[in-house]
Number of protein chains: 2
Amino acid sequence: MTNRVYIATSLDGYIATPGGGLDWLYAVPNPNNDDYGYADFIEGIDAIVMGRNTFEKVMTFDTWPYNKPVFVLSNSLAQLPEAVKNKAEKVSGDLRKLVQQLGTRGYSNLYIDGGSVIRSFLAEDLIDEMTITTVPVLLGSGIPLFTQLSEALTFEHQKTEVLSSALVKTHYIRTR
Amino acid sequence: MTNRVYIATSLDGYIATPGGGLDWLYAVPNPNNDDYGYADFIEGIDAIVMGRNTFEKVMTFDTWPYNKPVFVLSNSLAQLPEAVKNKAEKVSGDLRKLVQQLGTRGYSNLYIDGGSVIRSFLAEDLIDEMTITTVPVLLGSGIPLFTQLSEALTFEHQKTEVLSSALVKTHYIRTR
């Protein structure tokens, strides 16, 4: 069972501006509309675990963007909108138990998404792989990818690619 | 005139543990004792600007490690020890003026070193180039490389190398 992070950050470790903005990310020229390996990554996961903020952002899109089951981690949302029935499910509670429960349901390779959820998983050492794409900008403020940890977590470097002559995409695996 | 950062950070952007420790950095196996390009970098600079903390750390070394003039930025140190006479000089005051003054003395390519000094230079948009080597570890706490900025600073990606199958070294140039 692997829990994976796949995300872009600024050089100073922010995944969005203070208001959630991603203009700095889309500002990198991408003339061929390359997905930078996203479809391949999604192919390898069984389900997506995201937080309420990410879910609410996705709900503003014109179409539902995922072809894998989505689990929305929230202790405050009463229930998800009818529109996402059969696509998304609300979950809550202890993360380690959640991962086990999803595993018994056949969801062994999870895409962990959204700053708050990623930080919570890292704080409990529940992340096994991270693909981090670094954008050459210092935002100076924003929503951080990482958080304070009680102890250091070591990773093994797997692969680095430079995309669009600008983005540095690196794949790390947790050393256990 | 260029002001350059050349430094290693953890994945979560720390340049040292809370106590200044660098064990995590030296833990990366380096069987051939490769300097990872440090000598070439030093060859290209005229002088080093560092803060008091970095200077005091260097003073604990058995030998003085620099073959270029060192300027120690401090508003609190009265004067530098006699032992570093002709090697290091105390400077203080406005950073932009300091850079100009050093330029008129023939020091046009400065190596800006030490967390506090780097953050001060970045806050005034005085960094022109950064070579950042990312170590595959989340320290979880420590001395940060970056700081809050009043506005975003964009950089151009120049080159990325993977060193010792573990370190991702990337060279960025400020877009002006």
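A residue counts as buried if 20 or more other C-beta atoms lie within 10 Å of its own. By that test, helix α5 (residues 115-123) of chain A has these buried residues: A:Gly115, A:Val117, A:Ile118, A:Phe121 and A:Leu122. The model is predicted. Chains A and B are related by a turn of 180°, and 29 residues of chain B are in contact with 29 residues of chain A.

**Chain A as a whole**
- Chain A holds 5 helices and 11 strands.
- Its radius of gyration is 16 Å, close to the 16 Å that the globule rule gives for 176 residues, so chain A is as compact as a globular protein of that length.
- Along the principal axes, the C-alpha atoms of chain A fill a box of roughly 40 × 40 × 30 Å.
- Of the 176 residues in chain A, 34% are buried.
- Take the contacts in chain A between residues at least 6 apart in sequence: 67% of them join residues at least 24 apart.

**Helix α5 of chain A**
- The buried residues of α5(A) include A:Val117, A:Ile118 and A:Phe121.
- A:Asp125 follows α5(A) and has a positive phi, near 55°.

- B:Gly13 has the C-alpha nearest the axis in chain B, at 3.6 Å from it.
- Both copies use the same surface: 100% of the contact residues of chain B recur in chain A.

**The interface, seen from chain B**
- In chain B, 29 residues are in contact with 29 residues of chain A.
- Three strands of chain B each supply at least two residues of the side that touches chain A: β8 (137-138), β10 (153-163) and β11 (167-174).
- β10(B) gives the largest share of that side, 7 residues.
- By residue type, the side of chain B that touches chain A divides into 16 nonpolar, 10 polar and 3 charged.

**Strand pairing across the chains**
- Strand β10 (residues 153-163) of chain A is joined to β8(B) by 2 bridges.
- These two strands run antiparallel.
- Within this pairing, A:Thr154 stands opposite B:Val137 of β8(B).

Methods:
Residues are numbered from 1 along each chain as its sequence is written. Chains are lettered from A and ligands numbered from 1 in the order in which they are written. This is a predicted model: local features need pLDDT of at least 70, side-chain atom pairs count only at pLDDT 80 or more; totals for chains, interfaces and linings use all residues. Two residues are in contact if their C-beta atoms, placed from the backbone, lie within 7 Å. Helices (H or I, at least four residues) and strands (E, at least two) are DSSP runs, numbered from the N terminus. Ala, Val, Leu, Ile, Met, Phe, Trp, Tyr, Cys and Pro count as nonpolar, Asp, Glu, Lys and Arg as charged, and the others, Gly among them, as polar. Two strands pair if DSSP finds at least two bridges between them. Copies are superposed by least squares on the C-alpha atoms of residues with pLDDT of at least 70 in both. The radius of gyration is taken over C-alpha atoms; the globule rule is 2.2 Å times the number of residues to the power 0.38. A residue is buried if 20 or more other C-beta atoms lie within 10 Å of its own, exposed if 12 or fewer, and partly exposed in between; C-beta atoms are placed from the backbone.
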